[in-house]
Amino acid sequence: MAEQYIVSARKYRPDSFETLIGQDNIARTLKNSIVRGQLAHAYLFCGPRGVGKTSMARIFAKTINCLNPTAETEPCGECESCRSFNEGRSYCIHELDAASNNGVEDIKALLEQVMIPPQTGRYSVYIIDEVHMLSQSAFNAFLKTLEEPPAHAIFILATTEKHKIIPTILSRCQTYDFNRISIGDIVGNLRNIAKKEGVRVDEESLHVIADKADGAMRDALTIFDQTVAFCGNEIHYEDVIRNLNVLDYEYSFRLVDCFLKGDYAGPLLTFDEILSKGFNSLYFVTALSSHFRDLLVCRTGGLDSLLDLPESLKARYKEQADRCDVKFIYDALGITTGCEAGYKASANQRLHIEYALMRIAFLMRPDSGVRPSAPAPAQKVAQAPSPVKKDAPAVESAPKTVPAVESAPEVSPKPASAPASEQKDTPVRESVPARKEENTPEPEAPAPEPSPKSPKKRAGKSSGLSLSAMIAEVTDGSKEAEPAGKDPLPEDDYIRSNWKVLADKNSDRPRLASALENSELEIEERDGCKWVTFTVLNDAQRQWIKNTLLSRLEASFRTILGTSRVRLDVAVSRVLDSEEEKKLYMPAEKAEDLMKNNPEVAGLVSDLGLDIK
């Protein structure tokens, strides 16, 4: 009995266009070409594995050689050609495996055989399977005969990798693309085969087998045989998922129920249970994403046709989808797909998935540990303006912000102790002096002496040209410019004596330090400030300093002098009258000077037509 057993993929292999599942459009096209007598000399069948490419080629070859085809253009199965084909002794249909016969010699032998006319049928059909495995030289040897074969020869090429076939072969064939077989078609075919074999199987099991087959009927029949060997003639859903190592739908339903309650402990325990059964972590996340997708389809009206599920599961999906908000499903689907994308790059993949599960659970918990972190910054932001506003009048005698920082901790209890009416009626400016009277035992707090020191420390740290330091100093300078009328104007001698300090602070940039140290200062009082204009040698230096460094230099010099009533400007030094003392910077200027002093060089440039620009 064991020797007579034939696997279902061979036993129920299609032998007519009618029994071929899921390729109706291709079958109709080939049948019409037979009826009209418009047969091409070369066909290319391409598509995924197990979708019926070779079976279609055999049926087509059998039909065109049938002596008595039916009215539906199907082979009769009774004539000599059909019987010889069914018994495997046909001399009209030849099959070649290009994976093992991929050399030039194999193609030459095939071409010699093509010249022999058929003995019983009308056409000699050559089915070359896995044709993409032919070598480049074999393809080239095959070209001429494929384009102009004998009248009795028809080639049918089959492949799963169409992109590997050279364009010259593709241009000589009629190409037919085979599609994956739908889950519904696979389930219907398996149901009929189970009935013929006397096997009782439920719909959930058939859908699991069809989904596992991934659109290939041959794979589905192989899995069906494996399931029958495990379960016998009674196939149940639990046995199928255990045999095929498929994740149960129940886990996904259980996880979503926990998510809707805002429970993150349950999903973590469920995930651990799944891992203990040997399932792959990424497969678990993929199954959860598919579950959320199905929920979203059920939740949205008119998309029920997108569900490839048995009716019993459709009802359960519908019931759970009605309890889910569309936004929750959408956000959860975004989390799971993001988890899939970052899974391979994660160093701790289990933690990566557990974190995604907790994020989904927190979507339904507005009062959970994820959300309370949001009000905390809001409270800080609300309290932050309070010390600034209340301390602003307190710093009238000092332009620096150090006293404001010291008094900040004392302001926080003020709103709690003062009544609401008192806070509304009493101006902020009046409440600050009262606060200072309470702090009279600490006389060193409002001392203005530390204020110049703090900016000096910041200026020292920002002597480098980092972008953040420059922005900080420019910001400090702009803040100090506000109370300009309250600082005493520095003396000219004091300004000149501290100018070298500014040059020393920029010693990390020798070019700038040299320009500052050798510059001449012009000091004048204008608009309530001391304007200090320093000179540089040329306009290029002036543009460089004015566009990129002047604001930073001004802020740094204010810090050195301890006053904000100083402004900086840059100008070009007086042009020297003597041409001999004029310095040359650009290559064109140097070339002109050389030609002016050396007539021979000028003549050489003129003779050769050189361009000195």
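Buried means under 20% relative accessible area, exposed means over 50%, and partly exposed is in between, with a 1.4 Å probe and protein chains only. By that rule K327 is exposed, at 54%. I'll come back to K327.

First, the ground rules. This is a predicted model, where local features need pLDDT of at least 70, side-chain atom pairs count only at pLDDT 80 or more, and totals for chains, interfaces and linings use all residues. Residues are numbered from 1 along each chain as its sequence is written, and side-chain values use heavy atoms, with hydrogens and water left out.

Confidence next. pLDDT is the predictor's confidence in each residue, from 0 to 100. The protein's mean is 78, and 77% of its residues reach 70 or more. One is residues 368–467, with 66 contacts beyond four places in sequence; contact means heavy atoms within 4.5 Å. The other is residues 576–580, with one such contact. Where pLDDT is low, the predicted coordinates should not be read in detail.

Now helix α2. Helices (H or I, at least four residues) and strands (E, at least two) are DSSP runs, numbered from the N terminus. Helix α2 covers residues 24–36, 13 residues in total. From first C-alpha to last it reaches 18 Å, close to the 18 Å expected. That expected span is 1.5 Å times one less than the number of residues.

Which residues of α2 are buried? They are I26, A27, L30, S33 and I34. They sit on the same side of α2, because they cover an arc of only 130 degrees around the axis. The arc is taken from the directions from the helix axis to the C-beta atoms. On the face turned away, the exposed residues are D24, R28, V35 and R36. What covers the buried residues? The cover includes β1 (42–46), α3 (53–64) and β5 (174–177). After α2 comes G37, with a positive phi near 70 degrees.

On to strand β3, residues 124–129, where we find S124. S124 is buried, with a relative accessible area of 1%. Leaving out residues up to four places away in sequence, S124 touches C92, I116, P117, P118, H152, A153 and I154.

Two non-glycine residues have positive phi. E130 is at about 50 degrees, in the loop between β3 and α6 (136–147). E130 is partly exposed, at 23%. D214 is at about 60 degrees, in the loop between α9 (203–213) and α10 (217–231). D214 is partly exposed too, at 43%.

Last topic: charge pairs. A salt bridge is a side-chain nitrogen of Lys or Arg within 4 Å of a carboxyl oxygen of Asp or Glu. The count by this rule is 32.

R254 and E273 form one, at 3.3 Å from N to O. The pair links distant parts of the chain, 19 residues apart: R254 is in α12 (249–260), E273 in α13 (265–276). R254 is partly exposed at 32%, and E273 at 28%.

Back to K327. Its salt bridge is with D331, the closest N and O atoms 2.8 Å apart. Both lie in helix α16 (326–341), four residues apart, about one turn. D331 is partly exposed, at 24%.

D504 and K500 also pair, at 3.4 Å between the closest N and O atoms. They are about one helical turn apart, because four residues separate them in α26 (492–505).

Finally, a network of salt bridges links E80, R83, E87 and R89.
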